[in-house]
Amino acid sequence: MTSSLAKVNMGLVMGLAIGAALGGLLFGYDTAVISGAEASIKHNYILPNMAWDETQKNFFHGLAVGIALLGCVIGSAIAGPLATKFGRRAGMMIAAALFFVSSILSGFPETFIAPIGTLGVDTLWPYMIYRVFGGIAIGMASLISPMYIAEIAPAKQRGLLVSLQQIAIVVGITLVYFVNMKIAEAGAGDDTWIHALGWRYMLASCAIPAALFLTAAFLMPDTPRWYMMKGHEAKAEKLLHELNDPDTAKATMNEIRGSLVNHSGKLLSFGAGVLVVGILLSVFQQVVGINAVLYYAPSMFKNVGMETNAAMLQTVIMGVAMVVFTIIALFTVDNWGRKPLLILGAVVMAVSLFFLGYLYQTHQQGMIFLVTAIVYIAGFSLSWGPIVWVLLAEMFPNSIKGTAMSIAVAAQWIANYIVSQTFPMMDGNSTLIALFNHGFSFYVYGTCSVLAAIFVWKFVPETKGKTLEAIEGLWKKH
């Protein structure tokens, strides 16, 4: 295939990639929106239950905050088969519709069981059910959006284009941090108003980007590789000619056709090794602690004495740092390569996490917390944030991509849930607080970052600049 950028219709490719990346924006928006509502959820649903002891309240606090992640596991598990049977485009439309409905209902969970405004332990379960629906949408979008982008992107620009997914994720995170801050400011930072109304507006605000994603997905075609899998060769050829020059389109058709013939479509026919690597990449991306930091950022800053508005502002600054360093990753992933960036990022995260643990343990205060957190965010955003999605989208053969990605991404969401569930259990444990003063979890995540660097060094080959079909041979050789 040609590597000439001039022979690629980058306007159309970029437009389709941005449309699909709206799924990433919703992914980031809906997962991070909980950071603003987390304290209100605890206030409205957890603290009123006087029958629970400290351990039970910490458990249900983590469950209420992280329940969407269980839906993410379901969504990612069904997304691959759905995208294989009905298409990448249809999968994105289903995800967008679920985003829209769940965002409204999770903000007003008493809608079908009690008068609006009625909150308490009895409405905890409806809230969690609606958050699960949102999680299913997140899980679907997290798999299908990068898959779509990888399948329409030229080989030489695939790393950059799939990284748009991570850009969209961090833009979504930063956007919702800003929205949460503005909603909190509308109530003058008054916790009573936030607990009563503000948190509802935060959760329901996701409906706006959900409507945009649904519209974009409706207007987009499916991918050439899916058309070929379903026998629609004329549609695949037409779209490839719109995306590329005639020679590249013909060569791509032949490569796709060959890859579908060479594999029976059964996962084990390709070997389990590539799947194990994909699963472990997904797990390590989560156990370095990124989502504990994102979901509980305001509480983390409050733990060092900041007021609500100041904690929200620090969270927005972290989100901006994520965007900046993810943009830098766009221009390094196809030049430096996937493997060096993953190792470098893991080392940076390990150092900053160990230092954060030390700062908490020694009762430090001040801007050093924000600076260290930004260093950690930089390490993740330059490497494990975008690059794991690039690798997952490009590493599996065409004929098993849907199934293999479902397994790997489901493993990622399971790890995400475990991290989100266990963080408040560690952070709120009185024994660990006495020993480490909220620093214990950061030591755990730092250790996982060291293990992630060793794993990549030993087991992950370099894939930059290769076609999706050529990568199949690379993994076999590796």
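## The largest cavity

The residues that line the largest cavity divide into 10 nonpolar, 7 polar and no charged, where Ala, Val, Leu, Ile, Met, Phe, Trp, Tyr, Cys and Pro count as nonpolar, Asp, Glu, Lys and Arg as charged, and the others, Gly among them, as polar. This is a predicted model, in which local features need pLDDT of at least 70 and side-chain atom pairs count only at pLDDT 80 or more, while totals for chains, interfaces and linings use all residues. Residues are numbered from 1 along each chain as its sequence is written, and side-chain values use heavy atoms, with hydrogens and water left out.

The structure holds 4 cavities of 30 Å³ or more, and about 150 Å³ of space lies in the largest cavity. A cavity is a set of points, on a 1 Å grid over the protein atoms alone, where a 1.4 Å probe fits but cannot get out, and its lining residues have an atom within 4 Å of a point; grid points are joined across faces, edges and corners, and a volume is the space filled by probe spheres set on the points. Of the 17 residues that line the largest cavity, Phe-27, Ile-169, Gln-286, Asn-291 and Phe-380 lie nearest its centre. At least two lining residues come from each of H1, helix H6 (158-186), H12, helix H13 (290-295) and helix H19 (401-427), and H13 gives the largest share, 4 residues.

## Gln-286 at the cavity

Gln-286, one of the residues nearest the centre of the largest cavity, has its place in helix H12 (residues 273-287). At 4% relative accessibility Gln-286 counts as buried, a term that means under 20% relative accessible area, with exposed meaning over 50% and partly exposed in between (1.4 Å probe, protein chains only). Leaving aside neighbours within four places in sequence, Gln-286 is in contact (heavy atoms within 4.5 Å) with Asn-291, Gln-412, Ala-415, Asn-416 and Val-419.

## Overall fold and nonpolar core

The secondary structure comes to 22 helices and 0 strands, these being DSSP runs numbered from the N terminus (helices H or I, at least four residues; strands E, at least two). Of the 478 residues of the protein, 60% count as buried, and among contacts between residues at least 6 apart in sequence, 82% join residues at least 24 apart. The protein exposes about 17300 Å², of which carbon and sulfur atoms supply 69%, the areas coming from the Shrake-Rupley method with a 1.4 Å probe.

A nonpolar core is a set of buried Ala, Val, Leu, Ile, Met, Phe, Trp, Tyr and Cys residues joined through side-chain atoms within 4.5 Å. The largest such core has 144 residues, of which Tyr-127, Leu-281, Trp-384, Leu-392 and Phe-396 touch the most other members. Helix H5 (residues 124-152) gives the most to this core, with 16 residues. Beyond its neighbours within four places in sequence, Phe-396 is in contact with Val-274, Leu-275, Gly-278, Lys-401, Ala-404, Met-405 and Ala-408.

Leu-16 lies in helix H1 (residues 10-32) and is buried, with a relative accessible area of 7%. Although Leu-16 and Ile-149 are 133 residues apart in sequence, they are 7.5 Å apart in space, C-alpha to C-alpha. The contacts of Leu-16, leaving aside neighbours within four places in sequence, are with Tyr-148, Ile-152, Met-220, Pro-221 and Leu-243.

His-241, found in helix H10 (residues 233-243), is partly exposed, with a relative accessible area of 35%. Not counting residues up to four places away in sequence, His-241 touches Pro-246 and Ala-249, while His-241 and Asn-9, 232 residues apart in sequence, are 9.2 Å apart from C-alpha to C-alpha.

Terms used:
1 Å grid on protein atoms, 1.4 Å probe; cavity = no way out; pocket = protein on both sides within 12 Å on 5 of 7 lines; lining within 4 Å.
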